[in-house]
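Let's take a friendly walk through some helix packing and strand pairing. Have the model open as you read.

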Amino acid sequence: MNIIDNDLLSIQEARILVENAREAQKKLAAFPQKKLDEIVERMVEEIDKHARELAMMSSDETDYGKWQDKYVKNKFINRYLINRLRGMTYVGIITDDVQSKTMDIGVPIGVIIALCPATSPVSTTIYKALIAIKSGNAIIFSPHPRAKNTMGKTLDILIRAAEGYGLPEGALSYLHKVTPSGTSQLMNHAATSLIMNTGVPSMLKATQMSGKPVIYGGNGNGPAFIERTADIKQAVQDIIASKTFDYGVVSAAEQAVVVDRCIATEVKREFQNNGAYFMTEEESQKLGSLFFRSDGRANTEMVGKSAQQLAKQAGFNVPDSVLVLISEQKYVSDSNPYSKEKLCPVLAYYIEDDWMNACEKCIELLISERNGHTLVIHSTDEAVIRQFALKKPVGRVLVNTPATFGSMGATTNLFPAMTLGSGSAGVGITTDNVSPMNLIYIRKVGYGVRKTEEIRNGVLSEEALSVDEAAQSTAYKVEDIELLKSILKNAIEGH
């Protein structure tokens, strides 16, 4: 009888992959930026031909979201990201300040281990592969079990294109026999330099225990505040467009809406006019009870489903015109499912008396998930906007834009990214929209511009001057004392 130990096979494969990647990266580190750019361009050119097919495949395999929106994400990375990367230098001399005689040299960090979410498996995989190769790094993927086939096909296309244009074999690879033990081996291997964990919270503890630097794109739970000076119609349209995109699977999407009380009636009416359904208290309770399992883990069967599917699972029906379900809430607590991240078109809805109370509510919501991901404010009052930007424990603040699109750099000028650092509360090493700059270290170069004698003489001159000034100060004090003694003596003698 043959007994196949998948864990051992996975561990062995992981070791081979990392060792091959280490050797490949040594060759890759010698590539000039121009050659790396040529490889990246070829990767994009080839994968773009399969963007639609891979979007449909990922939706079918994972049963998350809408393939049409996944197609948009794939095309976004293939167009916006590559446009941003063109002309950028990340390896070799990055800056050369002739006047100050200093230089910055970009050096690849080494071998990167990448974990990607089942909610956006294709776009995140393409994005990570591109920014890693652009910055001269080797990268190994551990595919998400729920999207293993889709990620495998995506990577096969990218590898074939890249190696056909000169990428060293092993510089871009993935684990075929996926097990937790194999993934752990990838992360803990001595040759691994960095771990990029995007949207796989179940592996967060393991990544942190590896002792390696971790870039973590985690839970969102971002609130959107509609302040009294906001363009209400536009704000509502932005929130609905954002929260319904790919049925709400993007972690940066709004999770709660906080509304200024003086405009609450108008805001609610605008939501209802744009496809929002405000649930009754009973409906909210029924739906809320399904979001999390008894052990606290998210119920994956609620992820990336339409409003109609969600309502049906909870035992009630909503019209086909409904795009998003809204639950009116008052409090934030660990026991309240609406206080947490919901990767589906469901929003919590809070009303506060003014922007200061709204500010406190937003902070409560952000720290409830502890990762400080993204916050949105809709307002035309610059003073309020600045207060929100200054006071919130969050990685990014978006102003008057949909969270899903603004966070990834589609409707803002933030770097186009599918990994949004959520390290403002100590989880991960950055809060950036992760770019190749996060995958290199900077070697500083400084030319000598002063001689040692100049420094020594300058310091001694300053010390001598200080001593002289102190002596003069002391002399003045002695003269003053002698004068005072003379005055007192004359007064005593009656002169």
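## A helix across a sheet

In this predicted model, helix H7 (residues 180-188) lies across strand S3 (111-115), strand S4 (138-142) and S6. Relative to S3, helix H7 runs at about 145°.

## The five-stranded sheet

S3, S4 and S6 belong to an open sheet of five strands, ordered S5-S4-S3-S6-S7 and paired in parallel. At its edges are strand S5 (172-174) and strand S7 (214-217), each of which pairs on one side only. Between neighbouring strands of this sheet the turn is 15° on average, with direction ignored.

## The three-stranded sheet

There is also an open sheet of three strands, in the order S1-S2-S15, and its pairing is antiparallel. Strand S1 (92-97) and strand S15 (440-446) are the edge strands, each pairing on one side only. Neighbouring strands in this sheet are turned against each other by 20° on average, again ignoring direction.

Strand S2 (residues 102-108) and S15 run antiparallel and are joined by seven bridges. Asp104 is found opposite Lys444 in S15.

## Helices H9 and H10

Now for the helix pairs. Two packed helices are described by the angle between their axes and the distance between the axes. For helix H9 (residues 232-244) and helix H10 (residues 264-273), the axes come within 9 Å and cross at roughly 50°. H9 and H10 are therefore oblique to each other, and their crossing is right-handed.

From H9, the contact draws on Ile232, Lys233, Val236, Ile239 and Ile240, while H10 supplies Glu266, Val267, Glu270 and Phe271. By class, the residues of this contact are six nonpolar, no polar and three charged.

## Helices H13 and H14

Which angle do the axes of H13 and H14 make where they cross? Helix H13 (residues 355-369) and helix H14 (residues 382-391) have axes that cross at roughly 25° and come within 11 Å. Because of that angle, H13 is roughly parallel to H14. The crossing of H13 and H14 is right-handed.

On the H13 side, Trp355, Ala358, Cys359, Cys362 and Ile363 meet Val384, Gln387, Phe388 and Lys391 of H14. The contact of H13 with H14 has seven nonpolar residues, one polar and one charged.

Methods:
Residues are numbered from 1 along each chain as its sequence is written. This is a predicted model: local features need pLDDT of at least 70, side-chain atom pairs count only at pLDDT 80 or more; totals for chains, interfaces and linings use all residues. Side-chain values use heavy atoms; hydrogens and water are left out. Axes are lines fitted to C-alpha atoms, for helices over the stretch in contact, and angles run from 0 to 180 degrees between N-to-C directions. Helices (H or I, at least four residues) and strands (E, at least two) are DSSP runs, numbered from the N terminus. Angles under 35 degrees count as roughly parallel, over 145 as roughly antiparallel, 65 to 115 as roughly perpendicular and the rest as oblique. A crossing is left-handed if the near helix is turned anticlockwise from the far one by less than a right angle, and right-handed if clockwise. Contact means heavy atoms within 4.5 Å. Ala, Val, Leu, Ile, Met, Phe, Trp, Tyr, Cys and Pro count as nonpolar, Asp, Glu, Lys and Arg as charged, and the others, Gly among them, as polar. Two strands pair if DSSP finds at least two bridges between them.
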